[in-house]
Amino acid sequence: MKAQVFRGVNQLSYEEIPVPELAADEVLVQVQVVGLCQSDIKKIRYPLYEPPRIFGHETAGTIAAVGANVKGWKVGQRIAVMHHIPCMRCAYCLNDNFSMCDVYKNISTTAGFNASGGGFAEYVKVPGHIVQNGGLIPIPDDISFEEASFVEPTNCCLKAVKKAQIAPGQTVLVTGAGPIGLMFIMLVKYFGAKAIATDLLPSRIEKALDVGAEAAFDARDPDLPAKIQALTGGLGVDVTLLAVPSDKAFFQALDCTRKGGKILFFAEFPDELAIPINPNILYRREIDLMGSYSSSYRLQNLSADIVFNRRIDVTALISDRYSLQDLSKAVNQAIAPTPETYKILIYP
């Protein structure tokens, strides 16, 4: 089969490699489409993992083979793949911190080499632990593979929305109107709250309004805090979702979030970046700072329901489609996006 093999920082090699061999409890999936995620881009661009590896995890496809002991799945079924499933037994899992579980972090789908997602290949192998514990999600007949590939990123965003306890009637500031920010806007609106968005690109500011933001502003606007005060009766927003790794966005969030509000870090910041803050700001204004990383096992069914019942329009996020052979070009576009670049999908 063909695959894009990570051979080192910024080195992707389009290669012929063996189709993964199945153990008795495993399933082989023919990849139909895989989303390009910012986490994939970071793994390709920075020395975070030893090569060789095959990344890609927002995968939808068709079951091509099943192991001898696999029950309940058959060749030809259309499925979305969750590439991580927690153990459900460790201290983290028992406290619903599933993304901190070692099994969640270390057992992943693979197309070969060290397990790393494997979606950037024609076939991907799903380990027995994932097969047996809800990691394969059947795709309804009326849902496209493209739509189904959004189940995993929807879960990640939904986890943040739930963690921040966003409720009907609240106002939420979303910093950054890229694919993740736009999905946040859709989810915030779906759960009955109002979204205000910021970005640097006029096209993304317009896109934010198109997908449901109540208002959208240039993030460089010096009058932004005053405008948000005016929109919220002088209080400020209830919650800010940081969808860009920017210290400027964080300090802007402090200016725009009401007393007793929440600021949630969703984007991953560079490790070398430190943000100085006077703790009395948090103490006196009772601002909660929190982070949300990856997906939640508890929200898997709800994420699938939201996508499969089209409660949000994930197709509105798609801007570009590339062949697997052109993955490097797709990565370059994501790094230096055009004004109209949002979600990029990859086709084997």
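**Reading the contacts**

Mentor: Leu224, Pro225, Ile228 and Gln229 of α9 meet Gln252, Asp255 and Cys256 of α10, where contact means heavy atoms within 4.5 Å. Helices are DSSP runs (H or I, at least four residues), strands are E runs of at least two, and both are numbered from the N terminus. This is a predicted model: local features need pLDDT of at least 70, side-chain atom pairs count only at pLDDT 80 or more, and totals for chains, interfaces and linings use all residues. Residues are numbered from 1 along each chain as its sequence is written, and side-chain values use heavy atoms, with hydrogens and water left out.

Trainee: At what angle do α9 and α10 pack?

Mentor: Axes are lines fitted to C-alpha atoms, for helices over the stretch in contact, and angles run from 0 to 180 degrees between N-to-C directions. Here α9 (residues 224-231) and α10 (residues 247-256) pack at about 40°, with axes 9 Å apart. That makes α9 oblique to α10 (under 35 degrees is roughly parallel, over 145 roughly antiparallel, 65 to 115 roughly perpendicular, the rest oblique).

Trainee: Which charged residues lie over the face of a ring?

Mentor: The test is NZ of Lys or CZ of Arg within 6 Å of the ring centre and within 35 degrees of the ring normal. Arg78 lies over the face of Phe145, 4.6 Å from the ring centre, and Lys207 over that of Tyr342, at 5.3 Å.

Trainee: Which residues does a cis peptide bond join?

Mentor: Pro51 and Pro52, with omega about -5°. Pro52 sits in the loop between α1 (38-45) and β4 (58-66).
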